[in-house]
Amino acid sequence: RSSDLTTTIRGLFPGLQVFPALGNHDYWPQDQLPAGDSEIYSAVAEQWRPWLNDEALSTLKKGGFYSQIYKADSKQIPLRIISLNTILYYGPNKVTKNMTDPANQLEWLENILESSRQNNEKVYIIAHVPIGYLPFVENTTAIKTHFNERFVHMFRQYSDIIAGQFYGHTRRDSFMVLLDKKGNPVNSIFVAPAVTPIKGMVQLDGNNPGFRFYQYQPNDYSVLDLWQYYLNLTEANIKKDPNWNLEYIMTKAYGIKDLRPENLYELAKQFTAERSPQFELYYKHYLVSYDYHYNCSGHCKINQVCAVQCVDEASYTKCISGGRP
């Protein structure tokens with residue numbers, strides 16, 4: 001429950017500034033977050049009050065989203081955190097099925113991004129369900145396709161101020177690179193694995209629990225590196241002792257300088273090679289080093305590679321139909 005987790009974090013880290021985002025399991029019926037005032041939004045606003053200012057709490061109560069400035073140092077460029085409620089665009093959400101802009105969040109987002117540009121701010125986008133295409137199934141966006149296209153258009157338009165995008169939901173470890181219409185990399189997108197594992201009929205593979213730390217450049221908030229930690233469930237069950245270990249440091253694992261869009265894109269292009277060692281390592285990390293031995297080739301690899309490099313419908317369709325980006 002959100003209240004339990006909030007209490008735990010506040011108890012263990014009383015001085016920590018936290019910027020939360022709502023997920024599709026934070027409400028019952030599952031996935032059905034509403035597009036307006038509701039008890040769930042009012043409840044989480046009260047729970048998160050110690051972390052958020054009045055302006056953020058106001059929009060949180062109206063639609064489950066907010067933005068707030070975070071300043072680590074008064075001499076630094078301001079960093080604005082924008083926490084989106086992407087459950088409003090999630091396929092199983094029947095409440096928002098026929099709405100063109102649930103809770104007016106898209107209009108609000110564009111206004112916030114334009115204001116941030118005028119005020120020389122940098123922006124981090126955080127949300128639960130990511131933009132882009134799911135890497136484990138063909139031709140399926142994480143949010144509804146027409147909303148995905150609107151987000152891609154907006155994020156391209158404001159890519160000069162968006163320093164990073166951070167999501168979850170899939171429980172797997174992946175990244176994407178947003179390209180502009182000319183094919184230039186303009187945004188790094190990270191999908192962090194979950195502490196809760198999953199194993200199902202659609203996704204034949206499983207995953208170990210994981211959490212991570214990001215390192216960023218203080219001058220412009222570009223993402224430099226990440227440290228991914230994991231729990232080997234098989235080992236923990238045998239030894240009856242959960243032991244969290246460092247799984248990888250991204251720059252060292254892949255031999256790249258940092259996690260800026262241009263470097264992630266160069267890495268992603270290496271995935272297309274036959275028997276690419278970089279892709280094999282990526283797929284191992286995608287499963288959070290889960291001990292299920294599956295060779296991701298053929299359609300599996302095409303789905304993965306296209307999801308990393310192609311966030312919009314046109315480029316993804318071309319990638320899938322051609323068998324490679």
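Predicted model: local features only at pLDDT ≥ 70, side-chain atom pairs only at ≥ 80, totals over all residues.

Me: Good. So what is the bridge partner of Leu 178 in S6?

Reply: That would be Asn 187. S5 and S6 pair in the antiparallel sense, over 6 bridges.

Me: How many residues sit between S5 and S6 in the hairpin?

Reply: There are 5 residues between them, and Gly 183 in the turn has a positive phi of about 90 degrees.

Me: Nice. Which order do the strands take in the open sheet?

Reply: The order is S1-S2-S3-S4-S6-S5, an open sheet of 6 strands with mixed pairing. Its edge strands are S1 (66-70) and S5, each pairing on one side only. From one strand to the next, the twist averages 20 degrees.

Me: What packs on the sheet, touching S5 and S6?

Reply: Helix H8 (residues 261-270) does, and its direction makes about 75 degrees with that of S6.

Me: Parallel or antiparallel, how do S4 and S6 run?

Reply: They run parallel, with 3 bridges joining S4 (residues 162-167) to S6. Phe 166 has Phe 190 as its bridge partner in S6. S2 (residues 79-83) and S3 also pair in the parallel sense, over 5 bridges, and Leu 79 stands opposite Lys 122 in S3. As for cover, 4 of the 5 residues of S3 (residues 122-126) are buried.

Me: Switching to helices: at what angle do H2 and H3 cross?

Reply: At roughly 155 degrees, and the axes of H2 (residues 39-47) and H3 (residues 54-63) come within 7 Å. That makes H2 roughly antiparallel to H3. The crossing is right-handed.

Me: Which residues meet there?

Reply: From H2 you have Tyr 41, Ser 42, Val 44, Ala 45 and Glu 46, and they meet Leu 57, Leu 60, Lys 61, Lys 62 and Gly 63 in H3.

Me: Now Asn 208. Where is it found?

Reply: Asn 208 is in the loop between S6 (185-191) and S7 (210-216).

Me: Why does Asn 208 count as buried?

Reply: Because its relative accessibility is 2%, and buried means under 20%. A polar atom of the Asn 208 side chain lies 3.1 Å from the backbone nitrogen of Leu 233. There is also a polar side-chain atom of Asn 208 at 3.0 Å from the backbone oxygen of Val 288. Leaving aside neighbours within four places in sequence, Asn 208 is in contact with several residues, including Ala 194, Tyr 230 and Tyr 290.

Me: What about phi at Lys 240?

Reply: Lys 240 has a positive phi of about 55 degrees although it is not a glycine. Lys 240 is in the loop between H6 (233-239) and S9 (244-249), and at 71% relative accessibility it counts as exposed.

Terms used: Residues numbered from 1 in each chain as written. Heavy atoms only, no water. Helix = DSSP H or I, 4+ residues; strand = E, 2+ residues; numbered from the N terminus. Buried < 20%, exposed > 50% of the residue type's maximum accessible area, 1.4 Å probe, protein only. Polar contact = N/O pair within 3.5 Å; in protein donor to acceptor, adjacent residues only side chain to side chain. Contact = heavy atoms within 4.5 Å. Pairing = 2+ DSSP bridges. Axes fitted to C-alpha atoms, helices over the stretch in contact; angles between N-to-C directions. Parallel < 35°, antiparallel > 145°, perpendicular 65-115°, else oblique. Left-handed = near helix turned anticlockwise from the far one by under 90°.
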